[in-house]
Amino acid sequence: MKIITISREFGSGGRELGKRLAEELGIHCYDHEIIELIAKEHGFDERYVANISEKCIEAAYPTTIGHRFAMPPVQIMDQGFQVAAAQQQIIENFAKQGDCVIVGRCADVILKDYHPLNLFVYADAESKIQRCIDRAPEGEHLSRNDIARRMKQVDKNRAQYRQMFADSKWGAKETYHLCVNTSGHQIKDLIPGLAAFVRCWYGEK
């Protein structure tokens, strides 16, 4: 079974890389689908789920141990915890269905028993800022300083969120099997080489 997880810095192109890599390998890619399922199953707004699913809610549950979410009594369960617990279950269910790429949401830690290939996608600040500018919705105009602040905050949230699941450090090279620097490159140009790496990793010719 091939399970590839994509962790990424904001603006690095990790989401696009995950989707393109899955297409090249002929397997499923799960990203926003996770948010859609959580929202549908629990009656939440998708924007709320997207917002909380990468923010640290550990402060509300300091007694969580073993970096796993055991469901607490209903009376003390808040929506943030429901999102985190549901997200973990959905990610595990996707992995059980077969080969896939899963983007973000600490899938590398959640699925450690499935022995996934874990990638981390990063880039220099200028490349990330330019990518955000190029892909901004029409009519949205953010300054480079605004984008830089947003990048810093999102990555801080992702690092804190990971701490609920594992002691390993978000973004540290020893945490992943392969770190991919997308600086100055079009994502599509990196896919053939990455697909070859994946096939080699899994012993395919």
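The legends below describe close-up views of a predicted model.

**View 1. Lys128 in helix 6.** Lys128 belongs to helix 6, which covers residues 125-134. Its relative accessibility is 8%, so Lys128 counts as buried, the cut-off being under 20%. Leaving aside neighbours within four places in sequence, Lys128 is in contact with Glu9, Phe10, Gly11 and Ser12, and also with Ala123, Met151 and Asp155.

**View 2. Arg105 in the loop between strand 3 and helix 5.** The loop that holds Arg105 runs between strand 3 (100-103) and helix 5 (107-110). Arg105 is not a glycine, yet its phi is positive, at about 60°. With a relative accessible area of 5%, Arg105 is buried.

**View 3. Cys106 in the loop between strand 3 and helix 5.** Cys106 is a residue other than glycine with a positive phi, near 55°. Cys106 counts as buried because its relative accessibility is 9%.

**View 4. The largest cavity.** The structure holds one cavity of 30 Å³ or more. The largest cavity has a volume of about 110 Å³. Its lining is made up of 13 residues, and those nearest the centre are Gly104, Arg105, Cys106, Arg158 and Trp170. Strand 1 (3-8) and helix 7 (144-162) are the elements that each give two or more residues to this lining.

**View 5. Residue classes in the lining of the largest cavity.** Six of the lining residues are charged, five are nonpolar and two are polar.

Definitions and conventions
Residues numbered from 1 in each chain as written. Predicted model: local features only at pLDDT ≥ 70, side-chain atom pairs only at ≥ 80, totals over all residues. Heavy atoms only, no water. Helix = DSSP H or I, 4+ residues; strand = E, 2+ residues; numbered from the N terminus. Buried < 20%, exposed > 50% of the residue type's maximum accessible area, 1.4 Å probe, protein only. Contact = heavy atoms within 4.5 Å. 1 Å grid on protein atoms, 1.4 Å probe; cavity = no way out; pocket = protein on both sides within 12 Å on 5 of 7 lines; lining within 4 Å. Points joined across faces, edges and corners; volume = space filled by probe spheres on them. Nonpolar A, V, L, I, M, F, W, Y, C, P; charged D, E, K, R; others polar.
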